[in-house]
Amino acid sequence: MSPPSHKAAHSIPPHTLTRLAREWLAEDTPNFDPAGVCVGSLEVEARLLCKTPHSVLAGSPFFTAVGPARCLLLGERPALNCLSRASGITTRCTQLQAMATAEGWHGEVAGTRKTTPGFRLVEKYAMLVGGVSMHRQDLSGMVMLKDNHIWASGSITQAVKAARSVCGFSSKIEVECRSAEEGREAAGSGADIVMLDNFQPQELHVAANALKEEFPALLIEASGGVTLENFAMYLSPHVDIISLGCITQGCPVVDFSLKVQKPVVHSTLKE
């Protein structure tokens with residue numbers, strides 16, 4: 001599948017790349033780098049090798065942010081970690097998008113907030129490169145009312161009313177629902193999106209169809225239990241979004257290595 005026509009890298013502020021690179025380098029080399037004496041301060045060139053076939057490359061902005069060429073070996077592991085993780089996620093996203101396209105489905109494949117702490121930006125970026133929706137990036141991105149919010153409020157109606165009083169007209173409200181009846185209450189209360197959570201595929205199709213007939217403008221998301229293996233079973237003209245935690249959780253990485261190409265000339269200067 002061809003990569004998206006837009007440049008996803010342009011969505012990352014340069015100062016954010018600089019900050020992340022400094023943090024990752026500081027984590028990996030908090031003090032001495034004894035092996036650095038083998039390289040010295042001369043610049044070197046290296047070739048990036050992908051050892052996992054049929055993979056999609058992602059994460060190059062993070063890879064190149066680790067520093068100038070002479071710091072290549074110092075930043076090798078953090079850079080390869082970013083590239084491997086991002087490329088693994090993008091490869092899985094591309095696979096899911098290809099399946100959706102093959103079935104003629106016109107909805108959105110989406111990730112979740114089930115991301116690695118401290119690494120969300122990289123993983124969300126990889127979703128963009130893979131052509132899927134990032135979903136909400138954080139708790140401020142959209143109101144999502146889950147079972148605990150509803151229990152604390154007393155009902156779906158009360159939870160939606162309370163959330164709307166804070167977020168106003170500018171934010172969408174999504175409600176996690178365990179049945180078509182809960183979905184109907186959420187939609188009737190003013191929710192913009194109903195998430196049909198942990199439905200079996202056939203149950204999902206029936207519930208989504210019924211809700212769309214009653215609330216044509218309602219967005220319906222399927223989530224919970226969806227995997228790469230059963231993804232196609234959840235595709236339906238009545239489902240607008242399918243979100244998958246497996247885009248980031250348990251996703252295989254792409255294996256890369258970095259090989260120095262030019263001989264290193266050792267410096268005689270002692271510092």
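This is a guided tour of a predicted model, selection by selection.

**Before you start.** Residues are numbered from 1 along each chain as its sequence is written. Local features need pLDDT of at least 70, side-chain atom pairs count only at pLDDT 80 or more, totals for chains, interfaces and linings use all residues, and side-chain values use heavy atoms, with hydrogens and water left out.

**Whole chain.** Select the protein chain. Its C-alpha atoms fill a box of roughly 80 × 40 × 30 Å along the principal axes. Show the cartoon: eight helices and eight strands. Helices here are DSSP runs of H or I with at least four residues, strands are E runs of at least two, and both are numbered from the N terminus. Of the 271 residues, 43% count as buried (under 20% relative accessible area, 1.4 Å probe, protein chains only; exposed is over 50%, partly exposed in between).

**Two domains.** Colour 14-91 + 253-261 as domain 1 and 104-247 as domain 2. These bounds come from an automatic or database domain assignment. The C-alpha centres of the two domains lie 36 Å apart.

**The interface.** Now select the residues in contact (heavy atoms within 4.5 Å). Domain 1 brings 13 residues and domain 2 brings eleven. The area buried between them is about 990 Å², and carbon and sulfur atoms give 76% of this. Buried area is the accessible area (1.4 Å probe) that two parts lose on being put together, summed over both. On the domain 1 side, pick Phe-62, Arg-85 and Ile-89. These lose the most area to domain 2, together 47% of what that side buries.

**The salt bridge.** The term needs a side-chain nitrogen of Lys or Arg within 4 Å of a carboxyl oxygen of Asp or Glu. The count between the domains is one.

**Helices at the contact.** Show α1 (14-28), α2 (60-64) and α3 (76-102). Each supplies at least two residues of the side of domain 1 that touches domain 2. The largest share, five residues, comes from α3.

**Two backbone stops.** Most residues other than glycine have a negative phi. Go to His-135, in the loop between α4 (120-129) and β3 (143-145). Its phi is positive, about 65 degrees. His-135 counts as partly exposed because its relative accessibility is 21%.

Finish at Asn-198, in the loop between β5 (193-197) and α8 (201-214). Phi of Asn-198 is also positive, near 60 degrees. At 52% relative accessibility, Asn-198 counts as exposed.
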